[in-house]
Amino acid sequence: MAIHAQSSGIFCMFSIQTMLIISVSSPGTANLRFPQHYTMIHWAGRIEKELEKVLPQVTGVQQMKSIYNEKRSQFDVKRNSPKDLVERVARDIARLLNSKRKALERLAKEAEQIQTEYPWQDNIKESDIQYYDSKVDAEYTEENLMANPQSISLEFVEDPNFKNKVNYSYTAVQIPTDIYKGSPTILNELNWTQALERVFIDNSREDPSLRWQAFGSATGVTRYYPATPWRTPYKIDLYDVRRRPWYIQGASSPKDMVIIVDVSGSVSGLTLKLMKTSVNEMLDTLSDDDYVNVVQFNEKADVVVSCFKTLVQANLRNKKIFKDKVMQMHAKGTTVYKSGFQFAFEQLLNDTTSAPRANCNKMIMMFTDGGEDRAEEVFEKYNWPNKTVRVFTFSVGQHNYDVAPLQWIACANKGYYFEIPSIGAIRINTQEYLDVLGRPMALAGNQAKQVQWTNVYQDALGLGLVITGTMPVFNLTADNDSKNQLILGVMGVDIALSEIQQLTPRYKLGANGYTFAIDPNGYVLLHPNLQPKIINFREPVTLDFLDAELADSNKEEIRRLMIDGKAGQRKVKTLVKAIDKRYIDEVLRTYIWTPVEGTDYSLGLVLPTYSEHHIRANLSDQILQVQYFESLLPHTFESEGRVLIAPREYCKDLELSSNNTEFLLNFIALMEKVTPDSKQCDNFLLHNLILDTGIIRQLVEKVWKTKDLNTYGFLAVFAATDGGITRIFPNKAAETWEEDPEPFNATYYQRSLDNRGYIFRAPYRSPNTILQEQENDTIGILVSTAVEITVGSRTIRPAVVGVKLDLEAWTSKFKILASNQTDNTRQGSQMCTPTSGCEMDCDAHEDLLCYLIDDGGFLIMSNQINDWSKIGMFFSEVDSALMYALYNNSFYQRKLTFDYQSVCAPIHSSNTGAAPRGVFVPTIADFLNMAWWTSTAAWSLFQQMLYGFAYHSWFTTDEIEASDISESKEASCVRQQTQFYFGNVSSAYSIVQDCENCSRVIHAKRINNTNLLFVVAEKLPCSTCDVEKLFQEELEFIQEDPCLNMPQPRYRKGPSTCFDYNIAENTTDCGRGHSFRPSIRTLLLLQLLLLSLVAHPHILPFSL
């Protein structure tokens, strides 16, 4: 009766489709009709009834609820108060950071005192100093070029806190490869910083939780504690502490920088290449607190990135765009300094725009090959007399221009003049401007001695993701009876993110509850989705909160309030992406947040409604503990099923392992030595684990053992709990179990909690999967549902139960349920005979397409034998036209998402050849062109040949393994993916899909209490249908024009303090030129020698 009433209503809505059903029958099947809409509804009802009968019966979901009620005396249901939780964790984090602050202050104070008392030694020698050179024990693939006879030999012990071998009695020293260790400056630096060893050790004794303590010197020397060999992923160590995010942040205030690049005709060849490299290296000295623009000029000036009309945040994305455009610059025209400077000043001083700025240090960095112009009128108009903008000038390349104008420009505008004659001078000279910016900070003294906390970044010594507290160290020695304005360096103390995560109540919040924290830029330092897939020491890990989650207007507002340091709470309906990235669910979440006192960080907590309470086991009866624990022992697996335990830190002495069998054995061995109430163990985790073991064991005895799974077409039955237990029955089924042993990290577990009913999921198969047909190959479809219990007025979901369907058995059952063969009682049913027409069904007629598709658009079942190998594929790969019709008629919605933490495929450069590395190779045209011989190219080539005499390896080609190449080219990238999820269509519909030459009817209905869509359709009469093919697979996001769809800058807040001006600053030290200008006679002699060497290479002691 109910079915008949529902069908009547649908007849009114779909009369046109019903008429079309009759008209689209295939010519060769005159007696076979496409099933009517109410027939499909009836089939769907039969499928629903079968699932509702079998699944609860075998999984024991109702019995498990009863077991929880029976064991009510063995646990309490505790409330998770979001406000109390987030405030307590915020206090704990503030306490942790404050303890590191004290260590920093002690280090900075002692360092300044030690340096003040140190007597400078002009005649110091390398043999006078002994220290541990961390590069001596570095693992280089070639002969160790870093050998240092003055380095002491140390022994190391493994320390899990550092994830490294360390020596607690000594510090280690790292000196950049391009710095000469024997210079008096470096030797004196090594000498006085040796006394820091005692301070590092005292700090560590006072606070054993301290991780790396380091002093980064303005000379480039890094001294860190405890000592450990240096790590470098490449043959050549490119690490320079002065280019690290934590040093840059601690050494200067935020910057508004405009880089102007001379691209006139005189800047060509090698000089232009040096300029491009210099600009890109300059960009690497900027952090997310800085703003920048890059301008190219000759007679006119313009931005290199057309859509960057104003300064933009110096984040990774924008810097990459700048670098790509800088490499495309071409030289032409004449040099007019006025055009470049005027453009730059207007960029910096234009206050009419609402674009965000750093609003602190303002500076212009000019790269040029030289010129006579001084552009005085521009400085008079924009910068004098206050000189609010510093101007730094860089003379690039070998040339004979007078450098006096460039020196004057820098000196007249509180800047500095630098020379970059060759590629080896780029790194040092593009970072030393930080010393000038540090002058006001040094003169501010104690006012500037503030601890700053960095963005998240990868630790160079293997500690993983860290944040660093930094504090500047000033030179307190008198400078000609005036205050010294030099920064000695930056002191840093690391905190591993894992330390902060340990302060959060991870397992009390359930699988879908979590804490997160953001900084003033909106970047997360805590978030379950903060999982960078690449270790890149040069780039900070900058994942915005709105990129870590699926953004919406509510989250944008939450982010703004957190950055502003405000507390709040909001319940929102939002979208979440599953761990496996295949599914999206619409869920209800409570967001609550509060500032972390004494820092710029803000802490947030996210809680689903069903996680507002949690279970706390109360197993005081030790006999009961032993009984439950026995179920974990391997000898019980054959009769009760395999047990997996979540790899959690149940006890301090428990040895973790990625192999769950090994981890379980480690756990059992430890439990034989300690009790669950031991002080070295987490009693909450252990008691809940043992309680859940007992509950599932009872489920096995009461339900699972009483069922013949084969009769029901099941391969396995399983249960998993918040306590960390997963049991798979029978034991042999565990051999093919591929789900994460940590339930909180398993897609099926998280999605079952967020959705009502039974969640189906097939093993994923991509379109590119190569399938090997095997006779005995069995495909299992995972089906899971949450166990929901009510205790008083409190509702919780502490577990998930499910089965693995045998695809072959259930496909046969599916075809019978969606057929007329056994349905003699149904009103209007007809048996097919040769003389009477009848409706096609899913069992007897292959021309009828019948599918079960899940809510992500993946194929679960099909009546087509050819689709067996496509189970688990995105349905567009099975029938693209049908998938599009379902999407176009709102059965599915789609969401384009991005992964900002992916790894790009290695990029193989086409610039290959057998030329010696680092050597400019002239063309035949260059040799024949006399102008070339008087240009900088010839002089540069001769310079490089002289280097070659000293270093034979410069003239030999490297044999590089493929792994080295891919490693050096590996870089982070953005990947995009489209997820599909059910639309608002909840009832059954019929649609007609029109193609150019044909049409077909499609019936579709949601299967109640599941995530399945039942689809019945005709085969498409024509071969093609011109519709969009939908894609779900993750692809690399490549944007050819970065100015297309340029996102609006997100809200952020810069540092609250700024040190960019001090009336006492001495600007007389502004750089001096050291150009080597050979006489014409000398140059001619050198050119003749060069010609002779090229014409007679056999006279050289090595091969060119």
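Six elements each supply at least two residues to the lining of the second largest pocket: helix 6 (184–193), strand 14 (417–420), helix 14 (426–429), helix 15 (433–437), helix 16 (439–444) and strand 18. This is a predicted model, in which local features need pLDDT of at least 70 and side-chain atom pairs count only at pLDDT 80 or more, while totals for chains, interfaces and linings use all residues. Residues are numbered from 1 along each chain as its sequence is written, and side-chain values use heavy atoms, with hydrogens and water left out. Helices (H or I, at least four residues) and strands (E, at least two) are DSSP runs, numbered from the N terminus.

**Second largest pocket**

- A pocket is an open set of points on a 1 Å grid over the protein atoms alone, with protein on both sides within 12 Å along at least five of seven lines; lining residues have an atom within 4 Å of a point.
- The second largest pocket holds about 1,000 Å³ of space, where a volume is the space filled by probe spheres set on grid points joined across faces, edges and corners.
- Its lining has 45 residues, and Ala218, Thr219, Asp435, Leu486 and Asp1069 are the closest to the centre.
- Helix 6 gives the most to this lining, with five residues.
- By class, the lining has 18 nonpolar, 16 polar and 11 charged residues; Ala, Val, Leu, Ile, Met, Phe, Trp, Tyr, Cys and Pro count as nonpolar, Asp, Glu, Lys and Arg as charged, and the others, Gly among them, as polar.

**Cavities**

- The structure holds 11 cavities of 30 Å³ or more, a cavity being a set of grid points where a 1.4 Å probe fits but cannot get out.
- The largest cavity has a volume of about 230 Å³.
- Among the 23 residues that line the largest cavity, Tyr507, His614, Ile615, Asn688 and Asp722 are the closest to its centre.
- Helix 23 supplies the largest share of that lining, five residues, and strand 24 (613–617) and strand 30 (794–806) each supply at least two.
- The lining of the largest cavity has 11 nonpolar, seven polar and five charged residues.
- The second largest cavity holds about 170 Å³ of space.
- Of its 16 lining residues, Ala214, Tyr239, Trp246, Asp459 and Asp494 lie nearest the centre.
- Strand 7 (222–225) and strand 18 (487–496) are the elements that give two or more residues to the lining of the second largest cavity, and strand 18 gives the most, with three.

**Nonpolar cores**

- A nonpolar core is a set of buried Ala, Val, Leu, Ile, Met, Phe, Trp, Tyr and Cys residues joined through side-chain atoms within 4.5 Å; buried means under 20% relative accessible area (1.4 Å probe, protein chains only).
- The largest core has 118 residues, and Ile645, Tyr650, Phe667, Phe714, Phe760 and Phe1014 touch the most other members.
- Helix 23 (residues 683–702) gives the most to this core, with 10 residues.
- A second, separate core of 74 residues includes Leu97, Leu210, Val456 and Ile518.

**Helix 19**

- In helix 19 (residues 553–563), the buried residues are Lys555, Ile558, Arg559, Leu561, Met562 and Ile563.
- Asp552 caps the N-terminal end of helix 19, with a side-chain oxygen 3.1 Å from the backbone nitrogen of Asn554.

Technical notes
Buried means under 20% relative accessible area, exposed over 50%, partly exposed in between (1.4 Å probe, protein chains only). A polar contact is a pair of N or O atoms within 3.5 Å; within protein, one must be able to donate a hydrogen and the other to accept it, and residues adjacent in sequence count only if both atoms are side-chain atoms.
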